[in-house]
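Biologist: I have a model on the screen and would like to learn how to read it. Could you take me through some of its features?

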Amino acid sequence: MFQQLPYNVAVIDREYNIVEANRSFTEYFGNWHNKKCYEVYKKLEEPCNDCPAIEVLKDKKSVVFDSIGIDQHGKKTHYVAQVFPLKTGRGSKINYFMEMTNTVTEKDHWQQECQILFDRVPCYISVIGEDFRIVRANEAFRENFGDVIGQFCYKVYKRKKTKCRNCPAEKTFKDGKAHHSIQQGIDVKGQKIHYAVSTSALIRGGDSVAHVIEISDDITELRKLENEVIEAERLAAVGQTVAGLAHSIKNILMGLEGGKYIVSLGLKKNNKEMINQGWEMLERNFDKTTSLVKDFLSFSKGRLPKQEMIDPVDLVLEIVDLYKDIAAQSGIKLKSKIGKNVKPAQLDHDGIHTCLTNLVSNAIDACLMGDHKGTEVLISVSEGRDKLIFEVSDNGSGIDYEIKKKIFTTFFTTKGGQGTGLGLLTTRKIVKEHGGNIKVISHKGEGARFIMEFSRKRLSSLYKQSKE
Amino acid sequence: MPKKKILIIDDEPDVITYLTAVLEANGYDSFAVSEIKNAMDKVKEIRPDLICLDIVMPGETGISFYSKLRQEKGFDSIPVIIISGMVEREKFDFHSYVSDDSISKPDCYIEKPINVDYFIEKVKELTSKKILTKR
């Protein structure tokens with residue numbers, strides 16, 4: 001029976017000596033008597049570097065491998081082989097190996113190579129037909145999604161009964177181009193997975209797309225890490241917000257306690273002036289509480305801007321009107337500059353009004369903090385390339401680098417007890433809700449320019465979205 | 001016996017009014033500056049027996065002013081009470097703000113809003129101390 005086997009079979013000892021071989025082996029590799037396996041298989045003088053017998057000795061299990069040898073006529077040949085451990089007698093010592101080889105043609109060899117590559121690529125690969133049934137899938141795909149051949153891709157990936165919206169494979173079938181998207185699916189164990197999918201057309205002769213090849217990379221772990229980072233940042237922001245809020249509240253409480261103390265001292269001394277002074281302190285700090293709560297609510301509200309078509313010039317003039325007396329009392333010139341052809345835009349009137357009042361009030365404070373005379377604040381509005389631009393500039397105290405890094409990102413104030421640290425955070429939030437950008441250009445002692453830019457295209461698409 | 005002079009440095013007018021009322025009701029002479037840039041001149045002008053100092057102020061922090069004061073010859077031994085809402089009393093760690101270990105810690109930290117009795121107790125304690133050696 002050993003002699004009749006349709007494969008080349010040889011028995012090899014631990015010293016690489018071939019001790020037995022069947023007829024098929026002898027016909028293929030020639031005389032093997034008193035020869036080492038590497039001499040017969042590969043016509044080498046020393047053992048092969050990647051000898052599979054070493055693996056077998058290590059794991060005591062059979063090993064499958066493919067290799068290139070030389071037949072008895074000196075012709076190079078590809079073969080697939082399997083080496084089994086053979087135990088003789090008692091104990092677990094392996095004394096012999098049995099090697100079964102099957103020669104393959106060049107074409108077979110490359111087909112096998114392709115299959116191995118297809119299977120071993122560390123991402124999910126599937127080939128999808130026009131009916132969205134999976135016709136081929138690699139090993140990673142099968143391990144993760146189960147036995148899938150012949151099933152609908154949407155059923156396999158997402159356990160859905162109908163095609164997915166924005167299916168990248170469908171787009172590739174239509175235009176023959178590559179498409180990419182991020183998707184969420186369910187694996188064979190029922191776990192949610194995130195994957196980045198790319199599709200490409202398989203065209204075999206002719207122009208039409210016969211199949212689509214879909215390659216997906218599992219990004220579940222990456223998403224998890226991203227979420228952890230977002231959560232850590234969120235908690236840090238919550239911590240900073242709470243600390244900032246606590247500081248503002250303590251300052252207000254100090255004012256209230258002070259008012260109470262002075263009222264009671266005035267009552268004790270029957271001093272009307274003192275009672276009035278304490279009462280005013282109480283009133284002022286109650287107002288501060290109201291305004292802190294309002295600011296905080298406005299900052300914490302996650303909402304879409306209530307966009308309407310408004311004239312940005314009117315908005316700028318409103319702010320000038322609102323602040324001209326306050327600025328004049330402090331000896332600051334408040335000016336406006338209107339650019340050419342400023343057109344109406346889809347803005348949230350109250351939101352942008354809040355932004356401009358925050359910026360102008362900061363600019364006035366910066367002028368008061370500066371040392372030089374002749375301070376002024378300028379509010380301007382202009383059109384850029386497809387952009388509406390508001391700018392509030394001053395020649396006040398300016399902002400140094402360390403402070404610039406913090407002003408839009410943390411609950412931060414340079415105004416001591418007078419500021420809540422919410423103004424610029426709220427401003428940035430409103431600008432972002434409009435799809436815009438805010439930046440500051442400033443150096444310590446040289447004034448500051450706060451620039452808000454709104455893309456008209458973005459404003460228009462946000463407006464359409466809000467109406468849908 | 002002349003009244004002890006206390007200097008309040010705080011940007012918040014209500015805090016100044018409050019501390020002034022408390023100190024004067026307890027027999028102290030109080031002075032105040034709301035802008036920290038004027039604080040050192042005021043210290044030199046009145047030579048206070050104690051300073052009540054806020055931390056978060058526009059322009060320069062109270063901590064930075066304190067560090068400068070401690071390096072100013074002739075004024076480096078004036079007792080200082082830091083009064084702030086920044087951190088809780090037990091969590092206030094001066095050397096987390098100032099890395100120079102040669103600058104001694106402030107004499108006292110009181111959290112806003114103040115407890116009047118505790119504040120006066122500390123003021124009394126720090127103004128009656130005889131400072132025999134320089135810091």
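Modeller: We go through chain B, one of its strands, a hairpin in chain A and a cavity.
This is a predicted model, in which local features need pLDDT of at least 70 and side-chain atom pairs count only at pLDDT 80 or more, while totals for chains, interfaces and linings use all residues. Residues are numbered from 1 along each chain as its sequence is written, chains are lettered from A and ligands numbered from 1 in the order in which they are written, and side-chain values use heavy atoms, with hydrogens and water left out.

Biologist: How many helices and strands are there in chain B?

Modeller: Helices (H or I, at least four residues) and strands (E, at least two) are DSSP runs, numbered from the N terminus. Chain B has 4 helices and 5 strands, and their order along the sequence is β-α-β-α-β-α-β-β-α.

Biologist: What percentage of chain B is buried?

Modeller: Buried means under 20% relative accessible area, exposed over 50%, and partly exposed in between (1.4 Å probe, protein chains only). Of the 135 residues in chain B, 51% are buried.

Biologist: Which strands are joined to β4(B)?

Modeller: Two strands pair if DSSP finds at least two bridges between them. Strand β3 (residues 50–53) of chain B runs parallel to β4(B), with 3 bridges, and B:Leu53 stands opposite B:Ile82. Strand β5 (residues 108–111) of chain B is also parallel to β4(B), with 4 bridges; here B:Ile83 stands opposite B:Ile110.

Biologist: What do β1(A) and β2(A) form?

Modeller: They form a hairpin with 4 residues between them, and A:Tyr16 in the turn has a positive phi of about 70 degrees. The strands, residues 8–13 and 18–21, run antiparallel and are joined by 3 bridges. A:Val11 stands opposite A:Glu20.

Biologist: Which element gives the largest share of the lining of the largest cavity?

Modeller: On a 1 Å grid over the protein atoms alone, a cavity is a set of points where a 1.4 Å probe fits but cannot get out, and lining residues have an atom within 4 Å of a point. The largest share, 4 residues, comes from α6(A). Residues in the lining include A:Cys153, A:Tyr157 and A:Glu214.

Notes: On a 1 Å grid over the protein atoms alone, a cavity is a set of points where a 1.4 Å probe fits but cannot get out, and a pocket is an open set with protein on both sides within 12 Å along at least five of seven lines; lining residues have an atom within 4 Å of a point.
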